[in-house]
Amino acid sequence: MSQSTLNHLGQPVGSALDGWTAPQLPSRSSLVGRHCRVEPLDSRRHAGELYEATAADGEGGIWTYLSYGPFASVADLRAWAESAAAPEDPLFFAIVDETDGRAAGMASYLRIASAVGSIEVGSICYAPRLQRTTVATEAMVLMMRNAFELGYRRYEWKCDALNAPSIAAAERLGFSFEGVFRHATIFRGRNRDTAWFAIVDEDWEVLKTQYERWLDPDNFKATGEQRKSLSSLTAPFVRRRFASWWPAPVAKVSL
């Protein structure tokens with residue numbers, strides 16, 4: 001719970017944000033990590049690589065909860081990417097694996113409300129070869145770090161309340177569950193209840209150390225196996241979990 005104070009009427013109100021100024025919008029610049037680059041989406045640069053990587057999901061399960069895709073051809077994906085890359089909100093990025101320099105995923109900043117310091121990460125699509133990899137996790141950490149270093153106070157993650165892999169990924173990353181908006185929208189002709197998660201600036205101050213501990217090369221054996229899981233490092237700082245309020249099927253995390 002955020003700190004409060006009393007106003008002149010003795011009523012509890014939120015603490016004053018003395019010295020806080022609204023952050024700038026995130027820029028179209030690359031975020032570079034040890035294992036990946038998060039680059040502004042470019043239809044000419046990324047479309048072919050993204051189509052090849054996502055086509056490996058022959059059943060199309062990666063698209064079930066997304067508002068875009070699947071794509072029948074490189075041309076279809078390129079046309080979508082050209083349109084998706086134009087706005088500042090959502091601001092789309094391609095996730096490039098540094099091992100081969102090829103794009104294998106996408107994510108965006110969206111619902112950017114700089115006046116109140118709130119920003120969301122979403123539209124996350126990871127090709128099969130990117131799922132459950134260090135690249136997948138580092139990409140999320142890079143985007144989160146960029147948002148908080150710009151001065152945002154709140155970093156949101158929203159998903160279909162039936163999307164168990166997304167819920168597991170949010171909690172593994174240290175997001176705290178905030179509730180479910182029932183009948184929030186109609187999605188692909190279906191009802192969607194939306195689960196809300198967030199990390200706020202005071203959470204970030206402790207979580208960033210846990211991300212650094214997990215990403216440290218010493219946390220991985222020569223085989224690539226992790227010594228400490230990210231979930232074990234972030235769990236003490238998750239304020240509330242989805243399962244405590246809204247039952248959902250258990251699924252493996254895809255990040």
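Leaving aside neighbours within four places in sequence, Met143 is in contact (heavy atoms within 4.5 Å) with Leu31, Val38, Phe93, Ala107, Ser108, Tyr109, Val121 and Tyr155. The model is predicted, so that local features need pLDDT of at least 70 and side-chain atom pairs count only at pLDDT 80 or more, whereas totals for chains, interfaces and linings use all residues. Residues are numbered from 1 along each chain as its sequence is written, and side-chain values use heavy atoms, with hydrogens and water left out.

- Of the 17 residues in α3, 13 are buried, where buried means under 20% relative accessible area, exposed over 50% and partly exposed in between, with a 1.4 Å probe and protein chains only.
- Gly151, which follows α3, has a positive phi, near 115°.

**Aromatic pairs**

- The whole structure holds 17 aromatic pairs, counted when ring centres of Phe, Tyr and Trp (its six-membered ring) lie within 6.5 Å, with planes under 30 degrees apart called stacked, over 60 edge-to-face and the rest tilted.
- Phe93 and Tyr109 form an edge-to-face pair, 5.7 Å centre to centre with 85° between the planes, and this pair links strand β5 (residues 91-97) with strand β6 (residues 102-113) across 16 residues.
- Both Phe93 and Tyr109 are buried.
- Ring pairs also join Phe148, Tyr155, Trp157, Phe175, Trp204 and Tyr211 into a cluster.

**Salt bridges**

- There are 17 salt bridges in the structure, each a side-chain nitrogen of Lys or Arg within 4 Å of a carboxyl oxygen of Asp or Glu.
- Asp97 and Arg129 meet through their side chains in a salt bridge of 3.6 Å, N to O; because Asp97 lies in strand β5 and Arg129 in the loop between β7 (118-126) and α3, the pair ties together parts that are 32 residues apart in sequence.
- Asp97 is buried at 8% relative accessible area, whereas Arg129 is partly exposed at 38%.
- Within helix α5 (residues 201-215), Glu205 and Lys208 lie three residues apart, about one turn of the helix, and their salt bridge has its closest N and O atoms 3.3 Å apart.
- A network of salt bridges links Arg111, Glu120, Arg154, Glu156, Lys158 and Glu178.

Conventions. Helices (H or I, at least four residues) and strands (E, at least two) are DSSP runs, numbered from the N terminus.
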